[in-house]
Amino acid sequence: MPQPPDPEQPHGALTLRTLTMPRDVNNNGDIFGGWVLSQMDMAAGIVASARAQGRVATVAIDAMQFIRPVKVGDVLCIYVSIARVGRTSMGLQIEAWVLRNRHERREKVTHGLFTFVAIDEDGKPRPLPAE
């Protein structure tokens, strides 16, 4: 029987890494949640586009949970895995982890489930290619 994922380790493929900067803070001095969300969407879009072999669009954020704040100077690491595949759409599980002070310790800060749809040149849904 397969073991459940280790909650202390990221799940999915490391898809994006970026350094948080002072320009991305909210009025509390932490990194703005919308900025973190945009990084997650970009990373998921990379994976979704590769699976769809073409254009995709985010159609839903089915779930999102902010667990801990992200601080200036943290390295934000986004991990993505494909959770489900339908005829034209797919669900991607995204986890955001940080390396505090660029190397000190790793902490999970956010996770979510995003839905993408494969689209054609006219922006209409198209079938996903077989794997």
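This is a predicted model: local features need pLDDT of at least 70, side-chain atom pairs count only at pLDDT 80 or more; totals for chains, interfaces and linings use all residues.
1. Sheet order. The model contains an open sheet of 5 strands, and their order across the sheet is β1-β3-β4-β5-β2. Pairing is antiparallel. The edge positions are taken by β1 (13-19) and β2 (56-66). Each of these has a single partner strand, so one side of each has no neighbour in the sheet. From one strand to the next, the twist averages 25°.

2. The β3-β4 pair. Strand β3 covers residues 75-85 and strand β4 covers residues 89-99; the two run antiparallel and are joined by 10 bridges. Within this pairing, V80 is found opposite I94 in β4. In general, the strands of a sheet pair through backbone hydrogen bonds, either parallel or antiparallel.

3. Helix on the sheet. Helix α1, residues 33-52, lies across β1, β2, β3, β4 and β5. Strand β5 spans 106-118, and the helix runs at about 50° to β5.

4. Aromatic rings. The number of aromatic pairs is 0, with ring centres required to lie within 6.5 Å for a pair. One ring does have a charge over it: the charged end of R106 sits over the ring of W97, at 5.9 Å from the ring centre. The cut-off for that distance is 6 Å.

5. Q53 is placed in the loop between α1 and β2. Its relative accessible area is 60%, and Q53 is therefore classed as exposed, the threshold being over 50%.

Note on methods
Residues are numbered from 1 along each chain as its sequence is written. Side-chain values use heavy atoms; hydrogens and water are left out. Two strands pair if DSSP finds at least two bridges between them. Helices (H or I, at least four residues) and strands (E, at least two) are DSSP runs, numbered from the N terminus. Axes are lines fitted to C-alpha atoms, for helices over the stretch in contact, and angles run from 0 to 180 degrees between N-to-C directions. Contact means heavy atoms within 4.5 Å. Rings of Phe, Tyr and Trp (its six-membered ring) pair if their centres lie within 6.5 Å; planes under 30 degrees apart count as stacked, over 60 as edge-to-face and the rest as tilted. A charge sits over a ring if NZ of Lys or CZ of Arg is within 6 Å of the ring centre and within 35 degrees of the ring normal. Buried means under 20% relative accessible area, exposed over 50%, partly exposed in between (1.4 Å probe, protein chains only).
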